[in-house]
Amino acid sequence: MPTVYLAAEENVLRIHWDEFTFGLIAFLIILGVVYKMWPRLTKALDERADQIEGGIARAQKAEAEADEIRQQYREKLEEAHREYAQELEKAKEQRAAIIAEAREEAQVEARRIIDAAHAQIEADRQQAFVQLKGEIGTLSTELASRIVGESLSDSAAQNRVIDRFLDELEQSEGKQQAEVR
Amino acid sequence: MGADVSVVAASESGCHLFGDGCGFEAPTVGSLFFPTPWVDFGLAGTSGLTKYYLVAVVALIVAASFWYFTTRRAKVVPGRGQSVAELLVGFLRDQVTRTTMGKEGDKYLPLMVTLFLFIFCMNVMGIIPGLQLPVTSNLAFPAVLALFIFILWNVVGIRRHGVGAHFKARLVPGGVPGWILPVVVPIEALSNFVIRPATHMIRLFATMFAGHLLLALFAAAGFYMFNPTSPMGPLFGAISVGYSGIALLGFLVFTAFELFIMAVQAYVFVLLSSIYLGEAMEGAH
């Protein structure tokens with residue numbers, strides 16, 4: 001390198017046009033690479049933003065839904081409690097009514113049974129009375145015929161006849177009583 | 001020392017602290033920022049194929065492949081690489097374009113990402129072992145980007161508001177009385193159309209230039225002071241090693257600091273670009 005040249009060469013503020021051109025080319029190459037690759041990065045960034053925003057929106061929606069459902073459940077629960085209380089009240093009333101009704105019915109039934117029994121007893125008594133009346137008549141006629149048929153002179157025989165009659169009478173009465181029962 | 005002598009050559013020249021008399025020779029601007037071209041194009045105003053080309057190609061490959069491989073399979077659930085890319089995009093969107101251009105600025109986000117990636121990769125080449133040359137310390141590279149933004153700034157303004165309105169908004173500040181305009185308009189013209197793009201490029205260039213110079217100085221000083229076999233005796237040899245250790249520590253600390261500066265400068269360049277474009281979009285204010 002010639003020495004004459006040196007002073008001019010060592011001016012630090014020199015701009016050599018070949019270096020300048022080379023710098024421009026290098027700059028444009030990098031600019032080209034950055035611009036070429038730029039959409040890839042922004043696409044990824046946009047997608048991420050979308051996903052994050054979507055996630056937040058989804059979370060908010062889910063939270064709102066959960067709130068709503070919780071409110072619904074609470075209302076339903078309150079309603080159920082209210083209904084339960086009402087039902088309980090109703091059931092109590094119904095139970096009281098049923099008990100009263102049953103009691104009344106039972107009383108009526110009991111009265112009816114007692115009345116029926118009374119009527120039956122009366123009927124049986126009447127029947128027995130009628131039967132007894134008929135039998136007494138028969139027995140009286142039989143007794144009378146026996147008394148007439150036997151020798152009235154024999155007092156011992158008389159006594160025997162009377163005794164036998166009374167025995168028979170007793171026996172028939174016992175039989176009748178058993179029938180009534 | 002000639003322009004074609006590198007830092008390493010300086011350290012290999014044999015001059016050391018407590019050595020045989022030759023003093024410390026700081027790395028020169030020529031040796032650092034005017035690397036010898038491997039191929040001379042032989043045209044006026046060209047640098048020839050220098051180390052800047054090589055390092056710029058590496059920066060280009062790193063920046064482009066970083067973006068390509070991190071976003072190639074962009075998924076809704078990001079992997080590690082994609083997370084880093086998204087972090088960068090998110091940072092530039094929230095801290096740069098949204099604050100300066102609002103939601104409309106989102107369409108310039110790829111441009112801002114490109115600028116940041118490219119500038120940061122070019123800057124960081126300054127501390128990559130073996131390369132150790134920030135590409136942005138060559139004004140040509142910041143100039144490309146600043147000029148691109150300057151042209152885009154005009155294009156955006158003209159497309160939005162028309163030629164007249166755009167230049168009027170840039171040249172005639174609102175609320176200035178008419179009689180003062182002859183003074184204000186030239187100042188505004190100089191400020192908006194010359195100084196601003198110039199400072200835009202020089203800000204980045206100068207910080208990287210200075211940072212690299214500083215690191216080179218620390219490195220060269222460390223080499224210079226490292227002289228355990230000093231002819232002046234073992235005591236001076238030990239002292240020289242101690243000094244060298246201090247220089248090494250300084251080098252490491254400033255390397256870490258430089259990394260921070262490199263990121264900050266890339267951010268500042270992008271932020272200013274964004275502010276300029278936002279101003280053009282806004283029109284008169």
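Okay, let's start with Gln132(B), which is partly exposed, because 17 other C-beta atoms lie within 10 Å (20 or more would be buried, 12 or fewer exposed, in between partly exposed, with C-beta atoms placed from the backbone). Gln132(B) sits in the loop between α5 and α6 of chain B, and has a positive phi of about 45° despite not being a glycine.

Quick housekeeping: this is a predicted model, where local features need pLDDT of at least 70, side-chain atom pairs count only at pLDDT 80 or more, and totals for chains, interfaces and linings use all residues. Residues are numbered from 1 along each chain as its sequence is written, and chains are lettered from A and ligands numbered from 1 in the order in which they are written.

Now the chain pairing. On chain B, 40 residues are in contact with 33 residues of chain A, contact being C-beta atoms, placed from the backbone, within 7 Å. α3(B) gives the most to that side of chain B, with 9 residues; helices here are DSSP runs of H or I, at least four residues, numbered from the N terminus. By class, that side has 30 nonpolar, 7 polar and 3 charged residues (Ala, Val, Leu, Ile, Met, Phe, Trp, Tyr, Cys and Pro are nonpolar, Asp, Glu, Lys and Arg charged, the others, Gly among them, polar).

Last, a helix pair: the axes of α4 (80-101) and α8 (234-282) of chain B come within 8 Å and cross at roughly 25°. So α4(B) is roughly parallel to α8(B), the label for angles under 35 degrees. Residues making the contact include Leu92(B) of α4(B) and Met281(B) of α8(B). That contact has 8 nonpolar, 4 polar and no charged residues.

Notes: Axes fitted to C-alpha atoms, helices over the stretch in contact; angles between N-to-C directions. Helix = DSSP H or I, 4+ residues; strand = E, 2+ residues; numbered from the N terminus. Parallel < 35°, antiparallel > 145°, perpendicular 65-115°, else oblique. Contact = placed C-beta atoms within 7 Å.
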